[in-house]
Each structure stands twice: as structure tokens, then as C-alpha cells.
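Me: I would like a close look at one part of this model, with the cut-offs spelled out.

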There are 2 protein chains.
Amino acid sequence: MSETGSSFSATQSYTLAIDGMGGDGGPEVVVAGLAIAADRHPSARILLIGDEKRLQALLAQHPRAAAICTVRPAGSAISMEMKPTAALRVRDSSLRLSMDAVANGEAMGVVSAGNSGAMLALAKIVIKTLPGISRPAMAAISPTTKGDVVMLDLGANVACDWRNLVEFAVMGEAFAKAVLGLPAPTIGLLNVGSEELKGDERLRQAAEVLRGSPLARQFHGFVEGHDITAGTTDVVVTDGFTGNVALKTGEGALKMAFTLLRQVFSSGLLGRIGYLLVRPGLERMKEWLDPRRYNGAVFVGLNGVVVKSHGGTDAEGFASAVDVAIDMVTHDFNAGIRDQLSRMGSLTASRFSNEKEPTQAVSAS
Amino acid sequence: MSETGSSFSATQSYTLAIDGMGGDGGPEVVVAGLAIAADRHPSARILLIGDEKRLQALLAQHPRAAAICTVRPAGSAISMEMKPTAALRVRDSSLRLSMDAVANGEAMGVVSAGNSGAMLALAKIVIKTLPGISRPAMAAISPTTKGDVVMLDLGANVACDWRNLVEFAVMGEAFAKAVLGLPAPTIGLLNVGSEELKGDERLRQAAEVLRGSPLARQFHGFVEGHDITAGTTDVVVTDGFTGNVALKTGEGALKMAFTLLRQVFSSGLLGRIGYLLVRPGLERMKEWLDPRRYNGAVFVGLNGVVVKSHGGTDAEGFASAVDVAIDMVTHDFNAGIRDQLSRMGSLTASRFSNEKEPTQAVSAS
């Protein structure tokens, strides 16, 4: 279906607006991903935005995707290299029009595999930050030995103060409820472990506020790097610099383990026979750790659901990002944040009112 | 041999002073580790400090260790839980006397498996910081797909300014030369990767200074979390908070991979047969990733070699820590730092003299 020629109405409501042009694989991967998503979410209604001719041609090849999509033409696309400040000036980009659709109430969320810096900047300006949240954060799900863990911030804010960390805890808890389906997710604050070096003042203040908050029962206190994959808590809260480094370091270590395993199984006849014997188990292990299963970092703290698919992902990965966005829309993720904030609000406001205001963190830009 | 009754002279020179009481395993693990070290370094001369009776009894069981050790009695030991400020007041602890031996020139380095906070605090006070270095850092070697990587700081300084990061680069380079034997180690500055978020001002300043320094050719620029295990550079420089989290996150991810692998190989008869077929390769992989091979975090930037063995390690791990200390003593690690500092000195001093002084980082304590 195309809007061109259809009786489009501004009150029409879509589940998601999708940037058809984002990502290294471009519209081909997006539409192939939507074909997978269509099987999982047949009642979803997708507003697919981008180069109309290319998107319609691809939808013709993917009738399942076509069944849930409406195409909206966009005059341009934001490249992966474009600076956020430049991206903000492009009014007719597929990314901008996707954000507009959320801002004007046509769609409940947006998914893009495009430029994340541009995405964050546009989301702040167009969709806007939730009342009571000072800065949006980037969250994602990672595998642990026990289950899944939600980590945030993963890079939206390279420096944070205690207030940001408390807000991240609130948003991470709501995210774990909506996407992991946990009734009372536990929360850890990432810190260093040695006796002398229990982090800095902002960590101690954030911990103090959480201990005295309605989240106190779920707050586990400080956790260390190895607790992330151990699944010690369901949510791990940290600043965007540390979170980004931790996420990529963990992924790198797993990649190294698989590289070394490949060498083990490809050395000699015994190795190859051994591989054949344990292949089903290894496949399950790879699937468990597959980054595509976790594709879909989320910008939380905005007036709408904003999901960033990895730029280099394939159709399966893009479909996972759509899954995450639909989970968040379905479980009304933002209502969870608003509820928690209203319970926290007076507490965080008053707690340090007699002390000096915490140092304003330096902005990331 | 015991000093008690021997004609000890203050000019007598030991390769290393060793805290016989540190670590979860206590003197048993230390002396068993020294027995392994004695085979590798038969000409080393060790001053072993602690509870004389216990140490002599253990040396009687380990004649190889006894051959290279001289025992010096200490009246007390620092517990793993003691706060650094309290540890500083204990004058007769085995850790303190070990540091004293380095400070008064009796020994060239010290190894302890004890309380790291106490160790850093005592080292700063007793052994003192190298001229030209503002703050010591904690460095260690980690495995990568290609070889080994030196990472620092791993927790000595939770916050750092650009000057600290430049000094860490100088010390990390000297460490990679001394311990990994690399003629011209490459250096990376750990950062976040996304376009908009290339870290903060202190990272950009540190990078600018390094690009204009005698280390320019070895300086690779910014690296990301996944570059650590990819072996993109030989040295990875970061602040102590990020470094501590990255190290533990990487270790945690590898631990998770091994836990999942164990499940693969223990599920059913095929899994167990598969395991038997690939066991030699798996053992090599485990050995490569074995934290004991890398045991021995080093406090760099002090007037002597100071090596921290992991508290929970076994004899093999303690022997690795002794290896690292002896490598550093043998290759005169500190001379390498002094040389590089004298070449860098005027440069870093003048570079930002026209700008405002960089913000003094908050101390960790």
C-alpha cells in the first residue's frame, strides 16, 4: 500500500515508523527484515519511509512485508558519516520524517539502522525528552550465563552526574520489565571493586538515592565488570563512556573466544570430527551469544519508542530490532518510566537540596 | 638461610623482596610459588618477609625455594580487608618491610599477593613516585587474538586528566618493551566509537600531545573496547575506572564462554566423545586465556618495581607474578620510563602553556 493516492489521514495510527534508508545494507536489508517481522507481528502497521520507488520495488518482492507496510516518500537520506549538526538541517530525510511521524502522533515508535549520532540528535529535537528526564540514554540487552541483562548508558552521554545515573536506573528497570518481561528487575550500579577505590562521589550519591527510593528493594548496590556476564543483576547502570567500552570489550572477548575455538575445531581430522559431534550444542551456544538476537539498542527517555538497529546487521538482526520496538510499544514502556518517576520525583528533588548542587556533567557533543 | 644470626649487611642486594603473608592462600601459596620461580630464575636472590617460623617451616618443605630465599621476620601482616589509611600506620607489617627493602636499596622490586589498596598507598609513601610522574598506575598483560596487550590504568586512579593519560602511555610503552620484549610497541587511547561521541576534552588533548611527541610513530590514535582483544595495539591506555571495568568485563565474557562450552561438552555421549577428540586444542586455548599466565598487575611510575599478584591465585600464578617482576628488574623498566620522560618532558610542559590548565582530576581515595 502506498500513501500516494490513498486517503491518508493524520489521525491514522501506525505501530512503528521505519527509516527505510538506514544501515549499511540499505532498503534491501530493511525490507527483508520487515518480511520476517511481518510473520511475527502480523497485526503491526508499519509506516516505511524513504525512496518510494526502491521501497515499492522491494515490497513487490516481499509480499509478506508489503501486507503490513505503507510507504511514505522521503526526499533524502542521512549518510552514516554525516555529523549530527548537519543531519538536523535536513528536513526531508527518511530519518527525520520517521521521527516526525512519532512526534505528531502518527506512529508510536521509530526504528532505524542509520547514523546513531544523527538519530539521537534528531530524537532529542523532534520527539523530545520525557518530562522529568534530563538526558536520554542508550540501552541494550546482552547475554549472561543466567539470562539477559539490560545495560545503559551505552554512549549517549560520555559524562554523567548522579542524577543521570538515577534516571538511567529508572529507565533501565522499565525497559527490563517491558522487553524482558521481568516483574521486579534487580539493578546494579557499575563500579570498580578494589577496597580503596569504590568509585567517585557521583556513584556514591546515586547509590544513596536509589537505596532510599521506591526502587530500594530491587537495588543490589555496586557491581563490577564481571557481574555483567554473570547476570548478578537484571539491569546494569553506568555512564555512556564506561558502558560503551564495557559492551564492546565484552563483545570483543567473545569474538576472541570464537576465533580460538575455530582454530581448535579446524586443526586436524580429530578436531573436525569433534566439531561434527558437538555441532548442535555449539550452534545453540552461538545462537545464545548471537549479537543479532540482541540487535536493537534503544534510546530511552524520549517521548516515544526509538530503536537503533546495528548499521551492519542483516534481515534477521533488523527483525530483532523491530521486535524490541514492538515489545516496548505493546508494554507501554514510557508509562512505566512515568509511573516510577512520579514515585521517585519528590525524593530525588529533596534529597540533596541542603547540599551543594552536583557538578553539571560535561555534555557529550 | 635466615638473617637471624647471619651477618646481614645493609648493602646486601636482593633481586626481589617478597611479602610472604599476602593473598588468600597465605605463605603456603607464596613459598610453593617461589619453588616454581626458583627453577626459572636460579640466580635470583629473594628476601622473603613475614612470620619467620611459618616461612622457615615451609621452606624446609620446598628446598628449591629455600636455595634462593633469605627470611626476614615481620611482626604483623596486613589483612585483605584493612583500609589503606590503617595499613599505613602499621610499621612492622610484612608488606611495609618489603617496601622498605626497596626504598633503602636492598631489593630492586617487591611482589605481594596482598591488599592492593594498602599496597598502592604504601608504595606511594615508602617507595615514592618517579620524578616526572604525577601518579602511579596499575598495568597488566591480557591475551588477544594476536598476542598480548598491556592495559593501564586498571584502577589506581578512578579519574585522570590528559597529563596522566600521556604518562600512562609512556609507562605502558616501557612496560611492553620490558615484559613483552617488543622493540617499538604501538599505543592506543581507549575511547567510544560513535561519530558524535569521540570522548571528552582530556582524551583529545592526550591524543594531541602524543601525536606531537617522540612516541608519535607508535601512537595509533583512539581504539575501542573490541580493539583490546583484537590486538589492534600493544598498549591500551585509559583511566583507572574504565580500565578496571573493561578488564573485568572481558574476563567475565571469557568465563561465560567457558561455562557455555562446558555445557556443550557435557551434554550427552556425543558431547563427551567430542571433548576427548579436541581436548588438546581446548587445553591450549585455556592455557592461552589462563588468567594465571597474566597474573601480576604492576604498579608503574614508582621508584622500584612493584608487582601485585592476584589474591586468589595459586602457586603457578604467584610464580608468574615473580616472572613479571624479574623481567622488569632485568630489563631496567624504570630506566626506559626515565629516558622517554626526558625526551617528552619539555614537550608536554610547553604544549598547553598558553591554554588554561586542564582540570585537576578528582583523587580516587
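At the start of H7(B), which residue has a side-chain oxygen that reaches to within 3.2 Å of the backbone nitrogen of Arg163(B)?

Reply: The residue is Asp161(B). The model is predicted, so local features need pLDDT of at least 70 and side-chain atom pairs pLDDT 80 or more, while totals for chains, interfaces and linings use all residues. Residues are numbered from 1 along each chain as its sequence is written, chains are lettered from A and ligands numbered from 1 in the order in which they are written, and side-chain values use heavy atoms, leaving out hydrogens and water.

Just after the helix, Gly181(B) has a positive phi of about 70°.

H7(B) is mostly covered, with 16 of its 19 residues buried. Buried means under 20% relative accessible area, exposed over 50%, and partly exposed in between, using a 1.4 Å probe and protein chains only. Glu173(B) is buried, because its relative accessible area is 2%, whereas Lys177(B) counts as partly exposed at 33%. The side chains of these two, Glu173(B) and Lys177(B), meet in a salt bridge of 3.1 Å, N to O; the term requires a side-chain nitrogen of Lys or Arg within 4 Å of a carboxyl oxygen of Asp or Glu. Glu173(B) and Lys177(B) are four residues apart in H7 of chain B, so about one helical turn separates them.

For context, the whole structure holds 22 salt bridges over all chains. Another is formed by Asp100(A) and Arg96(A), at 3.3 Å, N to O. This pair, too, is four residues apart, in helix H5 (residues 94-103) of chain A, and therefore separated by about one helical turn. Asp100(A) is partly exposed at 25% relative accessibility, and Arg96(A) is buried at 10%.

A further salt bridge joins Glu316(B) and Arg40(B) at 2.6 Å, N to O. Glu316(B) lies in helix H12 (residues 315-330) and Arg40(B) in helix H1 (residues 26-40) of chain B, so the pair ties together parts 276 residues apart in sequence. Glu316(B) is partly exposed at 30%, and Arg40(B) is partly exposed at 38%. In chain A, Arg40(A), Glu316(A) and Asp323(A) are linked in a network of salt bridges.

Key: Helices (H or I, at least four residues) and strands (E, at least two) are DSSP runs, numbered from the N terminus. A polar contact is a pair of N or O atoms within 3.5 Å; within protein, one must be able to donate a hydrogen and the other to accept it, and residues adjacent in sequence count only if both atoms are side-chain atoms.
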